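Open your viewer and get ready to click along.

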Amino acid sequence: MSDKPKKLIEKGKRLDGRKVDELRPIKMEAGVLKRADGSCYMELGGNKVIAAVYGPRAVHPRHLQEATQVIIRYRYDMASFSVEDRKRPGPDRRSVEISKVSREAIEPSIIKEYFPRSTIDIFVEILQADAGTRTVGINAASVALADAGIPMRGLVSSCAVGKVDGQIVLDLTGEEDNYGEADMPIAMTQDGKITLLQMDGHLTKEEFALAIELAKQGCKAIYEVQRNALVAKYKGGSYV
Amino acid sequence: MKLVIPGDILSDDVKRAGEGTYVASGKVYASIYGILDQKELRVIPLSGKYMPYTGDTVIGKVVDIIFSNWIVDINSPYEALLHISEHPERIDPCDMDRCLEIGDLIIARVKDVDATMRVELTLEKFRPLRSGRVIEISHTRIPRVIGRGGSMINLLKKELDCSIFVGQNGRIWINGKEDDIDLAIQTLLKIEREAHTPGLTDRIRELIERSKKRG
Amino acid sequence: MSDDIIAEIRRDYIYNLAKKGERVDGRAFDEYRQIEVETRLIDRAEGSAKVKIGNTQVLVGIKIQPGEPFPDTPDQGAIITNVELAPLASPSFEPGPPDESATELARVVDRGVRESGAIDLAKLCIEKGENIWMVFIDVYVLDHDGNLMDASALGAIAALLNAELPNERYELGKDAPLPIDDLPVAVTAAEINGEIMLDPSLDEELIASTQLTVITSKDGSLAGMQKSGVGMLTFDQIHHIIDIASKKAKEIREKYLETS
């Protein structure tokens with residue numbers, strides 16, 4: 001990684017030319033895999049992420065099943081070539097933690113009582129990482145769930161906010177994350193309830209309030225992209 | 001036809017909330033991704049697993065025999081049980097496989113589904129499907145295979161010289177001459193692929209006529 | 001579980017069609033599904049390729065970094081091949097370390113690249129006995145609809161073809177293309193009820209008694225073979241498979257590897 005640039009924001013513009021409240025370019029497509037019950041591919045800046053959903057299906061091992069509702073399993077995994085230095089395949093402490101908080105971000109949106117004794121498995125593969133992978137994974141996973149026909153109260157949308165050069169910004173780049181003052185990934189339901197909240201760095205309470213407002217805007221924009229991906233799948237040929 | 005996604009507001013009239021919807025704070029929302037049926041206020045799914053309902057007729061496959069039950073795969077997250085007492089005669093639990101053995105395909109009715117999704121089946125005839133063939137398509141396409149008022153299935157039966165039985169779980173049994181069965185399968189897979197396109201019935205009729213001329 | 005049930009239900013249908021010389025998706029016995037190769041889509045990797053064969057999808061990334069040579073080859077680069085059967089690709093894939101099938105896949109892909117001499121390993125020595133380039137071939141299976149062998153092997157060579165030695169990052173001069181000497185192509189055929197079918201789809205694979213993968217080099221010679229599955233093959237069948245596989249390999253090589 002290169003040295004810290006003198007300034008990350010100059011005259012209201014960030015190093016990649018974005019304004020403080022602007023998301024990186026997004027691409028999203030639903031139903032990209034044939035075998036999975038539901039799937040979604042998403043790009044955000046240099047992030048390339050694919051999510052697949054299987055289920056509801058029978059639980060193995062059996063003792064994990066719950067008598068009155070479906071269980072949700074979420075596996076976040078990084079491809080070995082998704083980062084600068086080759087990562088050894090398989091889970092590490094970081095991916096285990098991200099899998100847990102991502103599952104908890106998604107789970108409240110699922111109507112679980114319909115499928116007692118079964119499981120819904122969500123698999124997220126990071127094909128290329130470029131800061132904010134967990135938020136991209138959550139966005140793709142939510143669309144993949146809808147694509148799989150899983151009953152939900154609504155979609156979950158996610159983005160990161162943070163503090164860079166003293167300013168509150170939306171959707172941090174790797175550089176901003178490394179040299180900025182705070183990074184805060186957030187996920188929320190359509191009606192604005194928070195389902196993921198992590199923060200590292202330093203924020204005043206006032207800055208936190210500002211950051212939450214900015215995250216709301218970001219999630220709203222992402223929700224529109226998620227919705228369009230599902231509409232496009234229907235119109236685009238898979239069903240027509 | 002209107003496409004909806006989970007969380008879309010459908011109506012204020014909570015009494016009308018149908019399948020594929022949920023009610024929260026006085027409003028009806030879509031709970032699944034699918035097509036809105038405005039008249040019935042329900043969402044017709046485009047995807048998802050087959051969920052058994054009491055009264056459904058399904059094509060199942062015996063996968064195990066334990067504790068006086070035949071365990072039957074019904075193309076669902078849940079396996080179904082066919083209890084020995086459903087048999088009209090008294091049979092010894094050790095002789096169950098003489099009646100139906102593992103691997104047998106059966107046409108059964110869903111007798112009961114409880115709150116934990118334990119599924120019980122009943123059978124009219126304790127005979128497996130020995131002739132003909134069974135294919136599997138997405139259960140969400142079954143209404144299209146049947147067609148409005150049975151229009152599609154009647155067309156198929158008439159034009160294809162086959163007996164066809166459609167299970168609500170997405171499995172379809174076809175019996176007839178080998179070549180007719182092959183054509184029937186080809187036709188059914190086309191219906192599955194193109195289920196939501198206009199003019200499908202005409203295209204299906206055309207496909208059958210063309211294939212018959214060639215054959 | 002569900003895979004087996006569908007396979008059994010479809011077995012008769014596939015057998016019947018085979019008798020008439022037909023396949024489920026309308027292909028001829030020696031016909032391949034549509035192939036798509038997309039390269040350079042992972043900037044983080046030194047080389048990458050996504051291969052689609054019908055609905056089967058694999059993504060291959062190449063990472064190249066300096067490391068210590070093996071004691072028996074102090075002046076040669078190293079190839080390390082790994083296949084991940086990602087659980088998103090099939091209901092029957094479980095999370096966890098590579099199992100028997102993933103390991104077999106990785107080793108067959110590795111053999112094809114190694115034995116054909118696709119990479120000039122002698123040019124990958126940085127300092128004899130001390131420092132060499134290690135080439136990691138990582139295959140991620142994303143969607144499993146049959147014939148992962150051919151998809152993985154094609155992805156590997158396509159990704160290697162656009163890979164660059166990251167000299168700049170390690171202060172060893174300018175980045176340079178990875179030296180590629182040959183273009184091995186794997187072609188697999190399945191034996192189903194006495195018939196030989198090229199590029200089996202998953203439906204066909206599940207009921208096939210056995211499969212044979214034939215890897216050929218640019219000059220048409222054999223660089224590797226693998227019989228996979230418990231069934232048996234006659235000599236005639238093997239000769240026939242080698243025949244149609246090397247013909248098909250040549251076509252694939254010309255169309256997808258020699259154009260770039």
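Start by selecting α2(A) and helix α4 (residues 205-235) of chain A: their axes come within 10 Å and cross at roughly 35°. Axes here are lines fitted to C-alpha atoms, for helices over the stretch in contact, and angles run from 0 to 180 degrees between N-to-C directions. Helices (H or I, at least four residues) and strands (E, at least two) are DSSP runs, numbered from the N terminus.

Before going on, note that this is a predicted model: local features need pLDDT of at least 70, side-chain atom pairs count only at pLDDT 80 or more, and totals for chains, interfaces and linings use all residues. Residues are numbered from 1 along each chain as its sequence is written, while chains are lettered from A and ligands numbered from 1 in the order in which they are written.

Contact means that the C-beta atoms of two residues, placed from the backbone, lie within 7 Å. Ala, Val, Leu, Ile, Met, Phe, Trp, Tyr, Cys and Pro count as nonpolar, Asp, Glu, Lys and Arg as charged, and the others, Gly among them, as polar.

The crossing of α1(A) and α2(A) is right-handed. On α1(A), pick I98(A), S102(A), A105(A) and I106(A); they meet R134(A), G137(A), I138(A), A141(A) and S142(A) on α2(A). Five nonpolar, three polar and one charged residue make up this contact.

Zoom out to the whole of chain A, with its four helices and 12 strands. Its C-alpha trace spans about 55 × 40 × 35 Å along the principal axes. Of its 240 residues, 54% are buried (20 or more other C-beta atoms within 10 Å of a residue's own; 12 or fewer is exposed, in between is partly exposed, with C-beta atoms placed from the backbone).

Switch to chain C, where you can find five helices and 12 strands. Its C-alpha atoms fill a box of roughly 60 × 40 × 35 Å along the principal axes, and 47% of its 260 residues are buried.

Next, display chains A and C together. Their contact takes 22 residues from chain A and 27 from chain C. On the chain A side, β5 (47-58) and β7 (118-128) each give two or more residues, and β7(A) gives the most, with four. That side has 11 nonpolar, five polar and six charged residues.

Finally, bring in chain B: nine of its residues are in contact with seven of chain C. Color β12 (133-136) and α4 (178-193) of chain B, which each supply at least two residues to the side touching chain C. The most come from β12(B), with four.

Definitions and conventions
Left-handed = near helix turned anticlockwise from the far one by under 90°.
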